[in-house]
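Good morning, and thank you for coming.

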Amino acid sequence: AVETLGAATVICTDKTGTLTKNEMTVTQLYIDGRIYDVKGEGYAPEGSIIGGDPCAKSLGDLLLCGLLCNAASLKEVKGSWTVIGDPTEGALLVVAGKAGLRKEDLERTHPLIEEIPFDSERKMMTMVRRSGGTVMAYVKGAPDILLSQCTDYATAEGEARALTGVIRA
């Protein structure tokens, strides 16, 4: 073992709990040139989002998509929070919870029509939901794949702007 370790050129360590506790935490959000810092650790939906207006439309839209394109659930059992499902999806539930959003509440007003699960070929997940009289597709996945499908982006004020400088697939 010592000989093998002596031949190692890279040693990876985990100090965040991702490997040791199977837990992920969102620490920053980036929207339209603005970075939001996210405070709080673990799966308890407690903490805060710092760095701008937490009620900004673009931040709300990002958190809403993270909740509504999500197959995981967040549960409190005997004072301890746990995620049932994928840890990455759990982290998205928690960051939305820090902004006061709850998946269970939003699913009532945005019922699921169809789910296209993530797969390694498509590299994205889609959930189609009804919201009032509108049908909306909520999508998350690999940034390069998602950006190649986009023509516009939303500013912090909610305005649509042309997406430039993106390589199209």
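Let us begin with the surface. The protein chain has an accessible surface of about 10800 Å², and 56% of this belongs to carbon and sulfur atoms. Such areas come from the Shrake-Rupley method with a 1.4 Å probe, and for residues only the protein chains shown count as cover.

A word on the basis of these values. This is a predicted model, in which local features need pLDDT of at least 70 and side-chain atom pairs count only at pLDDT 80 or more, while totals for chains, interfaces and linings use all residues. Residues are numbered from 1 along each chain as its sequence is written, and side-chain values use heavy atoms, with hydrogens and water left out.

The protein chain contains 5 helices and 10 strands. Here helices (H or I, at least four residues) and strands (E, at least two) are DSSP runs, numbered from the N terminus. Of its 169 residues, 31% count as buried. Buried means under 20% relative accessible area, exposed means over 50%, and partly exposed lies in between, with a 1.4 Å probe and protein chains only. Among the contacts with a separation of 6 or more, 39% join residues 24 or more positions apart; a contact means heavy atoms within 4.5 Å.

I turn now to a pair of helices. How do H2 and H3 pack? Helix H3 covers residues 87-98, and its axis lies 9 Å from that of H2, at an angle of about 140°. H2 is therefore oblique to H3. The axes are lines fitted to C-alpha atoms, for helices over the stretch in contact, with angles running from 0 to 180 degrees between N-to-C directions. Angles under 35 degrees count as roughly parallel, over 145 as roughly antiparallel, 65 to 115 as roughly perpendicular, and the rest as oblique. The crossing of H2 past H3 is left-handed, that is, the near helix is turned anticlockwise from the far one by less than a right angle.

Which residues make this contact? H2 contributes Leu63, Gly66 and Leu67, and H3 contributes Leu92, Leu93, Val95 and Ala96. By class, the residues of this contact comprise 6 nonpolar, 1 polar and no charged. In this scheme Ala, Val, Leu, Ile, Met, Phe, Trp, Tyr, Cys and Pro count as nonpolar, Asp, Glu, Lys and Arg as charged, and the others, Gly among them, as polar.

Leu62 also belongs to H2, which spans residues 57-68. With a relative accessible area of 38%, Leu62 is partly exposed. Its contacts, leaving aside neighbours within four places in sequence, are Leu29 and Ile31.

Next, the strands. Beyond four places in sequence, Val38 is in contact with residues including Gln28, Leu29, Ile49 and Val95.

Glu115 is found in strand E6, and at 34% relative accessibility it counts as partly exposed. Not counting residues up to four places away in sequence, Glu115 touches Ala71, Met125, Thr126 and Met127. Glu115 and Tyr138 are 23 residues apart in sequence, with their C-alpha atoms 9.6 Å apart in space.

Finally, the loops. Most residues other than glycine have a negative phi. Lys78, which is not a glycine, has a positive phi of about 55°. Lys78 sits in the loop between strand E4 (73-77) and strand E5 (80-84), and at 85% relative accessibility it counts as exposed. Lys123 likewise has a positive phi, near 60°. Its place is the loop between strand E6 (112-116) and strand E7 (124-131), and Lys123 is partly exposed, with a relative accessible area of 37%.

One further loop residue is Met24, found between helix H1 (2-7) and strand E1 (28-31). Met24 counts as partly exposed, at 31% relative accessibility. From Met24 to Glu89 the C-alpha distance is 8.9 Å, although they are 65 residues apart in sequence.
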